[in-house]
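Please look over the sequence and the model before reading on.

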Amino acid sequence: MISNQILQNTIDGLKSITRTELCVCDIEGKVLATTFAEADTYGLQVSTFASSLADSQAIGGFQFFKIFDEHQLEYVLMVEGTTDDTYMVGRMASFQVENLLIAYKERFDKDNFIKNLLLDNLLLVDIYNRAKKLHIETTVRRVVYIIETKNERDVSSLEAVKALFASRNKDFVTAVDERDIILVKEMKEGSAYEDLDRVARSVIDELNSIGILNVTVAYGTIVNEIKEVSKSYKEAKMALDVGKIFYAAENIVAYSRLGIGRLIYQLPIPLCKMFIKEIFDGKNPEDLDEETLTTINKFFENSLNVSETSRQLFIHRNTLVYRLDKLQKSTGLDLRMFEDAITFKIALMVVKYMSYMDKLGY
C-alpha cells in the first residue's frame, strides 16, 4: 500500500498542472489524500461506486474512477468536473497512481528484495533498511538451497515448492533465472546438516510426486546474518556445479561435503593441463581400459585395502597385485603408497574437471 503522503504529493502535483481538484479514497469511502476540503462528504457515493460494475462514472459534478492493483480494486479517484477534459485528467491521474503502485511493489516487495539480496545487488545499509520495512528478521540462521530440474523450470515446479513452504512465512521461494528455483530457509538454533539434508529430500519427494523427476538440490552453509545470505547462495551454486563434475550420481549436494573437488573446481585450466602432463608424461588417464579404471576406483573406495578390494571385485589377491604393479610400471605411481594414491586420485579428478569445462567450451 502506498503511503498517504505519497498519494497527497502526487495529486498536489497533478492539480498544479491541470488546475483540477482531485481526491483519492479507499473502497469504503475514507479520504486518503485530497486537494479540496469537502471530500469527506462524498463517502457514500465513493463506496456505492466501488461496489458497482462501472470502471468510471459521473456523479454529482465529479468523475469517479477505479484504480486497480493487479486486478484488485485498491482506490477510488474523484475528479471535479464532468467535461471530456476532466475525464482525460482522471484517466491520466488513475494511470499515474497505478504506476506508483507498481513502482512501490518493485521497490519494497519481498520477492524482489530476496532476489537482489541473493545476487549481491544491494548496499549493506539498504539490506537492513529494506529488511526492516518488509518486516524480515536480520539475525536469524538461514541457508540457501538451489533446486534444479533437468528440463527448463516450469510454473508447476515453482508453485509446488512454494506450496511446500507456504505455511512457513519466514522461508522464501523465488527464481533468478529460467532453470533453477531458490529456497532461502530459516533454520532453528541447533539445526545440524542432517536437518538440511531432510529439507532437500522433502523437496525432491514433493517434485517427484507431481511427475518432475531428475531433481538435484544443492545447498550452502548456514549463515547467521541476512547480509551473508548471498554467501550461502554462492556456495550452493558452487555445490551444484561441482556436484555435476564429481558427484553426478548424487541428487543432494552440500557445499560442506565437496572436499577436494571444491579446490580443483577453482584451478585455472592451464595449470591443470601442466599438472596432468607432469604426472602422466603427456598421457591421458582416461585412456586407461575399463578394467583398470574399475580396479582403481574400487581400490580407493576400500581405502587402499588389497584384501577387501579383491574380494569385492571377485578376483584373486595376486590378480589385484598384478594389476597394481602393471599400473605402477605405466605411470610410475604405486597406489599402495598413500602419497602416490593421493596424487593419482587428484589427477583423475582434475581430468574430470577439464573434460567438463571442455564441454562448456572453456
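The points that follow describe a helix and its surroundings, and then a sheet with the helices packed on it.

This is a predicted model, and every value quoted below is computed from that model.

**Helix α13**

- The buried residues in α13 are Leu-320, Leu-324, Leu-327 and Thr-331, and because they fall within an arc of 60° when seen down the helix axis, they line one face of α13.
- An α-helix has 3.6 residues a turn, so residues three or four places apart point the same way.
- Asn-318, Tyr-322, Lys-326 and Lys-329 are exposed, and they sit on the face of α13 that is turned away from its buried side.
- The buried residues of α13 are covered by elements including α10 (269-280), α11 (290-301), α12 (306-313) and α14 (338-359).
- Gly-332, which comes just after α13, takes a positive phi of about 80°.

**The sheet and its helices**

- An open sheet of 5 strands runs in the order β7-β8-β6-β9-β10 with mixed pairing; its edge strands, β7 (172-174) and β10 (252-254), each pair on one side only, and the twist from one strand to the next averages 15°.
- Strands β6 (142-149) and β8 (180-186) pair in the antiparallel sense over 7 bridges, and Ile-146 has Ile-182 in β8 as its bridge partner.
- Helix α4 (110-118) packs on the sheet, where it touches β6, β7 and β8, and its direction makes about 80° with that of β7.
- Helix α8 (229-246) lies across β6, β8, β9 (215-219) and β10, and runs at about 35° to β6.

How values were computed. Residues numbered from 1 in each chain as written. Predicted model: local features only at pLDDT ≥ 70, side-chain atom pairs only at ≥ 80, totals over all residues. Heavy atoms only, no water. Buried < 20%, exposed > 50% of the residue type's maximum accessible area, 1.4 Å probe, protein only. Helix = DSSP H or I, 4+ residues; strand = E, 2+ residues; numbered from the N terminus. Arc of directions from axis to C-beta. Contact = heavy atoms within 4.5 Å. Pairing = 2+ DSSP bridges. Axes fitted to C-alpha atoms, helices over the stretch in contact; angles between N-to-C directions.
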